[in-house]
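Load the model in your viewer and keep the selection panel open. The stops below tell you what to pick and what sits there.

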Amino acid sequence: MFGRLYWSIVVVVAGACVGSFLNVLIYRLPRGLAVHRPGRSFCPECGHPISWYDNIPVISYLLLGGRCRHCRSAISLQYPLVELCTALVFLMLFDGFFVAQLREGVGGLSADWPLLIAHLVLMGGLIALAVMDLEAYMVDVRITWLIGAVGILGHALWTPASSFKVELVRLGGAVLPGFGGWLRPGPTGAVVACAGVAGLAIGGLLFLRRREEMPSEEPVPPPPGEMPVPAQSIEEPPAAGMRPRRVGGWYRPAIVLLVGLVVAYVWQVARDGQPVPLSGLETPSSAVADAGPGDGGLWTHPAVVRLACGLVLCFAGLALVASCPQPQADSEILEAIDAEAVDSRRNALWELKLLAPAILLVVGAGAVLAWAGPSGWRYVEAWLHWSPTGSWRPMWGLATGLSGWILGGAVGWLARIVFTLAFGKEALGMGDVHILAAAGAVAGWPVALAGFFLAAPLALLGLVVIALRRQSRALPYGPWLALGFVVVCLFQDVLLGYLRVRWILE
């Protein structure tokens, strides 16, 4: 219990500190300010540097009464909310992976720390991207590229034996491949991932530079995913229209309530050391009656209940923030979408041209592997499972990260092209495609795929909340993608196991 309590407190404190840094990114990147200069945070109203004792996450906000020490202007509640949200999501991830053990093949910090760090970077980046998308309808691709790089590197370092073991589960008369490890690519998946990366690099070299150098009387639009931002001096206080959005005063008591909920969550994690039983599905009748394995039913397990409560809290916060009207930003983004609709099909065809080398290389690599037969498979298998020491298989880990990055991005990019050509309007922002690729690189392509489809019903539920509050605004898709990824990161094995059991029994 004391070990779980210690690590839970460490994760919460680290999450709050990371959330404080995310506030810097959220404020500075959309405004064209350097992240590292000035080195200290400053008040958006008076521009005065903030002392370290006034910059302690959440605590300083409460001690200052929500006002700047120097000019006494109100501090946006966005700052403590982002810090608390980051702390809560980090704690849920630690709980799901290492206490509840919802992801098979993950269970010990000593062996699985690279995977934990990669997922924490993913979660922090998703929170920053979600808030920026809500405020400025902007997805900064530098964050997504950083997440993807960390994910690929983390997988290259993380290949413990427990992550690729295979277990068999017996259900009645059927024997089912178990939940025993992380989903990793075989020879075909590894070859396809490498061919896709090479094809994207070739397409970028052939077409991106040519598009930038294309002479035209009209300004050439920036590459997909990038958004021009106004230059602004770091010495001058920001204009009123670029200050952090303020929310109603009735939000203020929510800070104390959220702090209490996080403390209660930490205590529950420390008390409950029973992992969720994902294997051992022996009796089909109990599996059907309980909708999952385990005594008392999977969905009534304390860990699943507290994680579900945390997700509901995240949804409620996101829906409330998304319902805050921003007439100026909404009108600007809607005007931009209408203006770009004229060239949307032409841009989609250009993006398809950019993807052509990757598609050709993927098809060609698959054909070569099929032609090579068993000998080619054995060669790729030997390359994948090369181990310099112990169970470390860096090539297999690298292929895992690359396959997630390629397949996650491909899902979003192809959906964007197909639906844009079909409807004549941009169907999915290029920034969302970058988010899908980054999530796939860290959490795997199943998380990217399931999160992509889960985001739509979550966004519809968010629209219901907005309608109930009688607010009106454009609804960016990125924040709901982020929430969908959090859900699937935690419950992927639960959902797959439940669907697998149902399919066999029926």
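## Stop 1

Select Asp-493 and Arg-103: the two form a salt bridge, with the closest N and O atoms 3.7 Å apart. Asp-493 belongs to helix H16, residues 478-505, while Arg-103 sits in the loop between H3 and helix H4 (109-136), so the pair ties together parts that are 390 residues apart in sequence. Now colour by accessibility. Asp-493 counts as buried at 9% relative accessibility. Arg-103 counts as buried too, at 3%. Keep in mind throughout that this is a predicted model.

## Stop 2: zoom out

Show the whole protein as a cartoon. You will find 16 helices and two strands. Of its 506 residues, 47% count as buried. Take the contacts with a sequence separation of 6 or more: residues 24 or more positions apart account for 77% of them. How many salt bridges does a search of the whole structure find? The search returns five.

## Stop 3: the loops around H2

Select Asp-54 and Arg-69. Their side chains meet in a salt bridge, 2.7 Å from N to O. Asp-54 lies in the loop between H1 and H2 and Arg-69 in the loop between H2 and H3, so this pair ties together parts 15 residues apart in sequence. Is Asp-54 buried or exposed? Asp-54 counts as buried, at 12% relative accessibility. Arg-69 is partly exposed, with a relative accessible area of 45%.

Leaving out residues up to four places away in sequence, Tyr-53 touches Ser-60 and Arg-69.

Next, pick Arg-72, found in the loop between H2 and H3. Check its backbone: Arg-72 has a positive phi of about 65 degrees, although it is not a glycine. Its relative accessible area is 43%, which makes Arg-72 partly exposed.

## Stop 4: the largest cavity

Rolling a probe the size of a water molecule over the atoms shows where empty space is left. The count comes to four cavities of 30 Å³ or more. The largest cavity holds about 540 Å³ of space.

Which residues lie nearest its centre? Select Ser-41, Ile-50, Asn-55, Ile-75 and Tyr-79; they are part of a lining of 34 residues. Helix H1 (2-28), helix H2 (59-63) and helix H3 (78-99) are the elements that give two or more residues to that lining. H1 gives the most, with five residues. Colour the lining of the largest cavity by type: 18 residues are nonpolar, ten polar and six charged.

## Stop 5: the end of H3

Select Asp-95, which is found in helix H3. Asp-95 is buried, with a relative accessible area of 0%. Show its surroundings. Leaving aside neighbours within four places in sequence, Asp-95 is in contact with Ala-100, Gln-101, Tyr-265, Val-269, Arg-306 and Leu-307.

Move to one of those contacts, Gln-101. Gln-101 is found in the loop between H3 and H4. Its phi is near 55 degrees, a positive value in a residue other than glycine. Gln-101 is partly exposed, with a relative accessible area of 32%.

## Stop 6

Select Asp-140 and Arg-142. Their side chains meet in a salt bridge, 2.7 Å from N to O. Asp-140 counts as buried at 5% relative accessibility, whereas Arg-142 is exposed, with a relative accessible area of 55%.

Finish at Asp-432, in helix H14 (residues 430-443). What is the nearest side chain of opposite charge? It is Arg-416, 7.6 Å away. Asp-432 is buried yet has no salt bridge. Show what surrounds Asp-432 instead: not counting residues up to four places away in sequence, it touches Asp-133, Val-139, Tyr-477, Gly-478 and Leu-481.

Notes. Residues are numbered from 1 along each chain as its sequence is written. This is a predicted model: local features need pLDDT of at least 70, side-chain atom pairs count only at pLDDT 80 or more; totals for chains, interfaces and linings use all residues. Side-chain values use heavy atoms; hydrogens and water are left out. Helices (H or I, at least four residues) and strands (E, at least two) are DSSP runs, numbered from the N terminus. Buried means under 20% relative accessible area, exposed over 50%, partly exposed in between (1.4 Å probe, protein chains only). Lys and Arg count as positive and Asp and Glu as negative; His and the chain ends are not counted. A salt bridge is a side-chain nitrogen of Lys or Arg within 4 Å of a carboxyl oxygen of Asp or Glu. Contact means heavy atoms within 4.5 Å. On a 1 Å grid over the protein atoms alone, a cavity is a set of points where a 1.4 Å probe fits but cannot get out, and a pocket is an open set with protein on both sides within 12 Å along at least five of seven lines; lining residues have an atom within 4 Å of a point. Grid points are joined across faces, edges and corners, and a volume is the space filled by probe spheres set on the points. Ala, Val, Leu, Ile, Met, Phe, Trp, Tyr, Cys and Pro count as nonpolar, Asp, Glu, Lys and Arg as charged, and the others, Gly among them, as polar.
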